[in-house]
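Here are my notes on the model, point by point. Please read them with the structure open.

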Amino acid sequence: MRSMVVLALVGGWTVFAGRMMEQDAVVTLGSGISLLAGLLFLFNIGSCSSRRLPCVRRRCSTRAQADDRIATNFTRSRPSGC
């Protein structure tokens, strides 16, 4: 997560510096770094979304109770990186 933010900031500032110096190579480098940050972001979102949700073991009397139990289990079982 931290590396994604660092890459995004470095890429953005590199593009800015390249535009200020009117150097296309520096702008391309910054754009590549920003693209890498975006791909890392998509990988992180994908890894958070691909987890299976915990099963609801007890019967619920209403749909709202079932939703509450699923939401509570989901928020308690999230890994620290997501």
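1. W13 and F16 are three residues apart in helix α1, so about one helical turn separates them. Helices here are DSSP runs of H or I with at least four residues, strands are E runs of at least two, and both are numbered from the N terminus.

2. A word on the basis of these notes. This is a predicted model: local features need pLDDT of at least 70, side-chain atom pairs count only at pLDDT 80 or more, and totals for chains, interfaces and linings use all residues. Residues are numbered from 1 along each chain as its sequence is written, and side-chain values use heavy atoms, with hydrogens and water left out.

3. How many aromatic pairs does the structure hold? It holds one. W13 and F16 form it, edge-to-face, at 5.5 Å centre to centre with 90° between the planes. Rings of Phe, Tyr and Trp (its six-membered ring) pair if their centres lie within 6.5 Å; planes under 30 degrees apart are stacked, over 60 edge-to-face, the rest tilted.

4. F16 is partly exposed, at 46%. The classes are buried under 20%, exposed over 50% and partly exposed in between (1.4 Å probe, protein chains only).

5. Both residues also belong to a nonpolar surface patch, together with V5, L9, M20 and M21. Its accessible area is about 710 Å² together. Areas come from the Shrake-Rupley method with a 1.4 Å probe; for residues, only the protein chains shown count as cover. Nonpolar side chains (Val, Leu, Ile, Met, Phe, Trp, Tyr) are joined within 5 Å, like charges within 9 Å.

6. M20 sits in helix α1, residues 2-21. M20 counts as exposed because its relative accessibility is 60%.

7. Check E22. Its phi is positive, about 55°, although E22 is not a glycine. Most residues other than glycine have a negative phi. E22 lies in the loop between α1 and α2 (24-49). E22 is exposed, with 70% relative accessible area.

8. Now the whole chain. It has three helices and zero strands, in the order α-α-α. Buried residues make up 13% of the 82 residues. The protein chain exposes about 6700 Å², and carbon and sulfur atoms supply 62% of that.

9. Last, contacts (heavy atoms within 4.5 Å). Among those between residues at least 6 apart in sequence, 37% join residues at least 24 apart.

Terms used
Patches are made of residues with over 30% relative accessible area and no salt bridge: like charges are joined within 9 Å, nonpolar side chains (Val, Leu, Ile, Met, Phe, Trp, Tyr) within 5 Å. A salt bridge is a side-chain nitrogen of Lys or Arg within 4 Å of a carboxyl oxygen of Asp or Glu.
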